[in-house]
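Me: Hey, could you walk me through this one? I'm new to it.

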Amino acid sequence: MAKANLMDYEKALELFEVVIGLEVHIELNTKTKMFCGCRNDFGDEPNTNVCPVCIGLPGSLPVVNKKAVESSISIGLALGCKIEANGGFSRKNYFYPDLAKNYQTSQFKDPIAYDGALEVEVPSGNKFTVQIERAHMEEDAGKLTHIGGATGRIQGAEYSLVDYNRAGVPLVEIVTRPIIGAGSEAPELAAAYVRLIREIAKALNVSEARMERGNVRCDANVSLRPIGQEKLGTRTETKNVNSLRSIERAVRYEIQRQAQILADGGSIIQETRHWHEDKGSTSSGRPKSDADDYRYFPEPDLVPVQPSTELIEKLRSELPENPADRRKRLAGEWGFAEMEFRDVVNAGLLDFIEEAVAEGAKPQAARKWYSGEIARIANSEDKDVAEMNITPKQVAELATLVESGKINDRIARDVLSAVLAGEGNPGEIVTSRNLEVVSDDGALIAAIDEALAKQPDVLEKIREGKLQAAGAVIGAVMQAMKGQADAARVRELVLERASRA
Amino acid sequence: MSELIKKTAAELVELMAKGEVSSVEVTQAHIDQINKVGDAVHSFLFTSPETALATAKEVDRRRAAGESLPTLAGLPIAVKDNLTTTDAPTTAGSKILEGWVAPYDATVVTKLRNELMPILGKTNLDEFAMGSSTEFSAFGPSKNPWDLTRIPGGSGGGSSSVVSSFQSPLAIGSDTGGSIRFPGAVTGTVGTKPTYGAVSRYGLIALASSLDQIGPVARNVLDAAYLQDVIAGHDPHDSTSLTQSLGSMVAAAKRGSLKGKKFGLIKQLSGAGFQQGVQNRFAEAIKIITDAGGEIVEVDCPSFDYAIDAYYLILPAEASSNLAKFDSVRFGMRVTPEGNPTIDKVMAATRELGFGPEVKRRIILGTYALSAGSFDKFYGAAQKVRTLIQRDFDNAFAKADILISPTAPTTAFKFGEKVADPLAMYLNDIATIPANLAGIPGMSVPIGLADEDNLPVGIQFLAPNYQDAKLYEVGAALEGILEGIWGKRMIDFAPNLEVK
């Protein structure tokens, strides 16, 4: 696969207006599947959470999961949507072996929620309003594993296995209207939008909302039109972009790829495209036209979904604070500087810091560990923070160890590495490696006296009032203590001993 | 022929309850009859005499132990082969499912088991219940016990012939456009399509989900009532099943009355153009109803003229989707073409070989009716007709308590007569289809033999939604008067099948 020619990003934006559209699938965390009583847990042994309904055996019939409907309504309300009082399910007909019935039970004409809007802030501080066209309920398909091919893709595979544990898992698909006017910030807006959707789903507790596990999946539509043109350009749909970074990169890539094709006089093929994380590029999937004929018709095995006004209002009254309000509140509670707080939001660290604070960390300490260390390491390893092998509780434990003076910052960084390497909780690591600081003044004083004796010139300087000279002695003492001393205490003692000697 | 098999279900239940006859005796008598006439009539696709006798023994043991038993305990029954059973194959009359044993029982089958009814076997049907004659069964047609050269009706020709040839006192049918009522009419038996949702469809291999309804097949109205009372009721596995109780059909049948009721004669289905013998018997039935104190009023249902057209768009549309799951991936037949075929090719080859001509015809029709550009013109228009038909019924039931028509335009026709002409075949259901489109209950009751061919004729009663009991009340009353006139039961006119 030859890598496409990419136009310089700034140049692309001079020539074209970017239009994006986002489809986000949220997997609900209901106990059971959308239309049957099977456990909603597709991490189990393949084809164990299945029954006649979700593997589509003859004669079986679906029954709607009430909790899934309620979760979907809550999502709709949080997106500022209207709720459909007389909706229902439709069948989307197409043959594919991961689709047990060869039709997907979904919603077509009357989605549970429609006509919403979200205000989304991008890293620059600019705010955009994203119009939500609809949020509808549907069931997930099974999972195919292609065996024998080089790439794990269907092309070249000898055979494929299908796991129906995921078949029938409840999904809510949120579809935006075309988003126009984000300009150069379109990629950031796409990522910020999905982050906000994730935050909403998490706050509502309707989904685990973990992108790395596929609980939140994003399809990104991108099209370009020459500046000043009214008609929308032909779009591509990049499927299953599964991290916030990738969304941003994929949108940017498509802008540059499409711009070059258009500038060369070519035309964009309406198609789905696959995002390749490793190469940082997209490749052609299957052609997709608006004329794809799914032969939708109302699902005759289900009755209409008619949530009562009482139910809708009850769910509305139970909505958690919206993400914007939450940010405002946390900014106040934590007392971060404005830039600090924005960085935290943009790095997607809000949830982690909030959890770490809830586990007992001081806000600034939690921020420092996440922004300064964990995010930096994640970045260098090309990972999301969520993929890092450390929990907010462990971060809080680490911060508390530092706060109480049991370890110092340098040791703490070693402990962090050990936690990330899977060696256990911070407290356990400190104990097992005997990393606790030497707080016995006697031992420290002995080391200080020895160091001072070795460096009489330094002692002289300290006595002359040149206190910064103490650094050399402190360094020697810390070295003697193998770093396991509180540097501030060492400094105090050095000055004390120097004045006494 | 054993005297036991000639008895009604109600009579057998009473004899067993009194201890005058055992369930094993009753069950064995029917098994003997199956052995005697089964091959000639070809009602069953699968028989299970051992499990039936095992259930019978269990009932006898528990009865002897003084346990209180369900009403129909020990009474044998046959089940249409589009209902799933864990202890017998379920084929729906199709090659594509040949040999498939479901891992779960249909809700109705569970109810029969809970009622401790010995299940004799699975009865024949047109493939996926698509047909009016059983000629579209992949396993060969069933015969009409009144004349083995004629069709037993369809799709439930297995159930109608099994009951009319005394191989079972009762059977389960399913009715999507007349598949219980039409076979009932042409075999001189009673068949009811309950209100849509009265009986759970869970485990019924769907033809058209919005039209399908399971119901009883019997030799008289009271027996059908007993069976409907056993199989009806809400099922949490079927979202379309009714939550309310429709009352006791047995009580309604025992009440049996025509007096003071208004019978709506449907102008569009008054019998004009129907076989003369059918018209004659229907006219007599009207007179009997009037004589018994019923009042006849004419009702106009103009949208019925479009019922068949609408039905043959809605049904294939739903069927094309319902049958998509037969793809060889998870169950049933798998045909692997030569070479190294992709899954698409395997699916296509399996469906090419596994489905018969009528199934393919309807899948293609339905796929087309739902396709972009055709949807509004076909499926959408058909749904509008459906609404108009429901409105016609509403207006008619404002004037009448019950609507009446002949059940079918003709008596049983000969094999091969219509099988090559789909439209002629579809017209058999002209009188039965409107009830499915509206969801309302309907029943066919025998009213004698046509003059020209001495074959059974049926009257159809239709009642408003949820008022199935009215069907049993008037059906039992008319049946009683007719049996009085004849001096015997309708089914006793049937020629004895002394085959073998």
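This is a predicted model: local features need pLDDT of at least 70, side-chain atom pairs count only at pLDDT 80 or more; totals for chains, interfaces and linings use all residues.

Me: How many helices and strands does chain A have?
Reply: Chain A has 16 helices and 15 strands. Both are DSSP runs numbered from the N terminus, with at least four residues for helices (H or I) and at least two for strands (E).

Me: And what box do the C-alpha atoms of chain A fill?
Reply: Roughly 95 × 55 × 50 Å, taken along the principal axes.

Me: What share of chain A is buried?
Reply: 43% of the 501 residues. Buried takes 20 or more other C-beta atoms within 10 Å of a residue's own, exposed is 12 or fewer, and partly exposed is in between, with C-beta atoms placed from the backbone.

Me: Which residues are buried in helix H8 of chain A?
Reply: H8(A) covers residues 350-358, and A:Leu350, A:Phe352, A:Ile353, A:Ala356 and A:Val357 are buried there. They line one face of the helix, because seen down the axis they fall within an arc of 165 degrees. That arc is the one of the directions from the helix axis to the C-beta atoms.

Me: What covers them?
Reply: The cover includes helices H6 (323-334), H7 (338-346), H9 (363-380) and H10 (392-403) of chain A. Just after H8(A), A:Gly360 takes a positive phi of about 110 degrees.

Me: Switching topic: at what angle do H13 and H16 of chain A cross?
Reply: Roughly 55 degrees, and the axes of H13(A) (residues 441-454) and H16(A) (residues 487-500) come within 10 Å. The axes are lines fitted to C-alpha atoms, for helices over the stretch in contact, with angles running from 0 to 180 degrees between N-to-C directions. That makes H13(A) oblique to H16(A); under 35 degrees counts as roughly parallel, over 145 as roughly antiparallel, 65 to 115 as roughly perpendicular and the rest as oblique.

Me: Which residues meet there?
Reply: From H13(A), A:Asp441, A:Leu444, A:Ile445, A:Ile448, A:Asp449 and A:Leu452 meet A:Val490, A:Leu493, A:Val494, A:Arg497 and A:Ala498 in H16(A). Contact here takes C-beta atoms, placed from the backbone, within 7 Å. By class, that contact has eight nonpolar, no polar and three charged residues. Ala, Val, Leu, Ile, Met, Phe, Trp, Tyr, Cys and Pro count as nonpolar, Asp, Glu, Lys and Arg as charged, and the others, Gly among them, as polar.

Me: Where is A:Gly56?
Reply: In the loop between strand E1 (16-27) and helix H2 (66-78) of chain A. A:Gly56 counts as buried because it has 23 C-beta neighbours inside 10 Å.

Me: What does A:Gly56 touch?
Reply: Not counting residues up to four places away in sequence, A:Gly56 touches A:Ala100, A:Lys101, B:Lys325 and B:Arg330.

Me: How many residues does each chain put into the contact between A and B?
Reply: Chain A gives 25 residues and chain B gives 34. Chain A's side has 16 nonpolar, four polar and five charged residues.

Me: Is the peptide bond from B:Gly154 to B:Ser155 cis or trans?
Reply: Cis, with omega near 5 degrees. B:Ser155 is in the loop between strand E3 (119-123) and helix H6 (157-164) of chain B.

Note on methods
Residues are numbered from 1 along each chain as its sequence is written. Chains are lettered from A and ligands numbered from 1 in the order in which they are written. Two residues are in contact if their C-beta atoms, placed from the backbone, lie within 7 Å.
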